[in-house]
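Please keep the structure open while reading.

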Amino acid sequence: MSAKKIGVIGSGLIGRSFAMLFASAGYKVVIFDIEPAQTRAAKEDIREQLASLEKNGLLKGSLSRQQQFDNISTTENLEECVKNAFFIQECVPERLDIKRKVWAQVDKLVGDDVILSSSTSALLPSAISEGLTHKNRFIISHPTNPPFYCPAIEVVPAGWTDPDVIEKTFTVLKESGLVPVLIKKEVPGFVLNRIQYAIIGECYRLIKDGVVSPEDCDTIMSQGLGLRYAFMGPWETGYLNAEGMLSYGERYADMILDIQKSFGPPERIEGPTLQAIHASMERLAGPVQDIQKRRQWRDKRLIALAKLKRDLDAEDQAGK
Ligand SMILES: NC(=O)c1ccc[n+]([C@@H]2O[C@H](COP(=O)([O-])OP(=O)(O)OC[C@H]3O[C@@H](n4cnc5c(N)ncnc54)[C@H](O)[C@@H]3O)[C@@H](O)[C@H]2O)c1
Ligand SMILES: *[C@@H]1O[C@H](CO)[C@@H](O)[C@H](O)[C@H]1NC(C)=O
């Protein structure tokens with residue numbers, strides 16, 4: 001059974017999600033956290049989340065909710081977490097010093113075949129792993145939050161990562177219901193956040209320049225671009241908006257270039273513009289003290305969207 005165990009280090013938001021995803025694929029998951037209270041809270045939270053997934057018909061895999069829950073255990077001992085695991089997913093806070101410290105400890109406890117995977121959103125794989133004996137087994141698996149409903153996950157190897165680590169990581173993530181994407185070079189922000197920050201940068205400039213209000217800017221995404229982006233990317237959008245990509249280029253390349261040239265240099269989001277955006281979002285999404293309510297509103301929509309996509313994909317499969 002040892003080949004089927006996964007160790008999860010850190011039992012916050014992301015560690016809990018990974019534990020559930022791995023358990024849904026039939027793996028035995030052992031979670032470790034330096035805060036024993038966190039692991040206890042994690043177990044309770046996972047119980048509730050699995051119940052809600054079952055209620056919504058979104059439980060992944062073929063095991064029952066109880067079987068998935070029973071395959072997740074917690075420990076207050078790092079060695080117990082990583083012992084005999086073939087795959088380790090680290091989900092500790094986003095700080096290079098903490099990540100390095102944790103991985104240095106794990107490095108001493110594992111054999112040569114184990115896969116060492118980090119959830120980092122922005123730290124580069126070479127920076128975290130350069131001092132490790134097993135740095136050739138290191139990789140980043142950066143999920144999209146919340147991973148249960150946003151399955152895309154960026155897989156970022158370092159230059160020294162063994163090819164079989166990439167391949168096996170893809171297998172584990174796919175089995176767990178995720179959609180891995182290979183990031184072929186280490187660049188800051190990987191791909192998801194580079195795209196996200198390009199959008200934020202331009203939206204900020206448009207508001208600062210008085211072109212659009214923050215609410216209307218969000219409406220352009222939520223009632224416009226975002227509807228298509230829920231099931232296809234900018235390239236397929238362009239392909240379908242013309243007679244294929246080359247025709248799209250012929251028609252729009254000059255205009256795209258001219259507009260891109262008018263974008264201007266990046267600006268720090270701060271000051272009166274940021275305050276104005278905050279005030280707008282208070283009107284749109286409610287005051288910060290009630291933010292939990294609006295998060296539930298968001299999650300309800302994400303769940304419905306996940307269901308819709310699953311049903312439509314199943315229809316496509318059946319039609320093939
Ligand atoms: N939250 C997101 O939206 C999101 C999305 C993708 C990736 N990530 C990445 O996932 C990682 C974890 O983020 P999170 O949101 O779950 O954070 P979190 O703060 O919710 O959880 C971190 C957990 O790590 C524990 N911890 C701290 N030091 C530790 C140590 N030395 N050993 C073991 N456990 C330790 C903490 O007690 C806490 O339970 C970060 O690198 C983050 O950038 C987060
Ligand atoms: C997870 O639980 C199920 C049912 O309880 C079991 O059949 C399966 O083997 C378990 N996975 C592991 C790795 O033990």
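In this predicted model, the domain assignment gives two parts, domain 1 (5-182) and domain 2 (192-285). The C-alpha centres of domain 1 and domain 2 are 33 Å apart.

**Annotated span**
- An unreviewed UniProt entry carries the annotation "domain: 3-hydroxyacyl-CoA dehydrogenase NAD binding" for residues 5-185.

**Second largest pocket**
- The volume of the second largest pocket is about 590 Å³.
- Its lining consists of 20 residues, and those nearest the centre of the pocket are L13, Q49, P146, R298 and D299.
- Two or more lining residues come from each of α1 (13-24), α2 (36-55) and α13 (291-319).
- Helix α13 supplies the largest share of the lining, with seven residues.
- By residue class, the lining of the second largest pocket holds eight nonpolar, six polar and six charged residues.

**Y149**
- Y149 sits in the loop that runs between β6 (138-143) and β7 (152-157).
- Is Y149 buried or exposed? Its relative accessible area is 18%, and Y149 counts as buried because this value is under 20%.
- Beyond its neighbours within four places in sequence, Y149 is in contact with L53, L58, L302, I303 and A306.
- One of these contacts, I303, is 154 residues from Y149 along the chain, while the C-alpha atoms of Y149 and I303 are separated by 6.5 Å.

**Y229**
- Y229 belongs to helix α9, which comprises residues 214-229.
- The relative accessible area of Y229 is 36%; Y229 is therefore classed as partly exposed, since the value falls between the 20% and 50% limits.
- Leaving out residues up to four places away in sequence, Y229 touches P234 and T237.
- Y229 and A51 are 178 residues apart in sequence, and their C-alpha atoms lie 29 Å apart in space.

Technical notes
Residues numbered from 1 in each chain as written. Chains lettered and ligands numbered in written order. Predicted model: local features only at pLDDT ≥ 70, side-chain atom pairs only at ≥ 80, totals over all residues. Heavy atoms only, no water. UniProt positions renumbered as here; feature names shortened; annotations may be inferred. Helix = DSSP H or I, 4+ residues; strand = E, 2+ residues; numbered from the N terminus. Buried < 20%, exposed > 50% of the residue type's maximum accessible area, 1.4 Å probe, protein only. Contact = heavy atoms within 4.5 Å. 1 Å grid on protein atoms, 1.4 Å probe; cavity = no way out; pocket = protein on both sides within 12 Å on 5 of 7 lines; lining within 4 Å. Points joined across faces, edges and corners; volume = space filled by probe spheres on them. Nonpolar A, V, L, I, M, F, W, Y, C, P; charged D, E, K, R; others polar. Domains from an automatic or database assignment.
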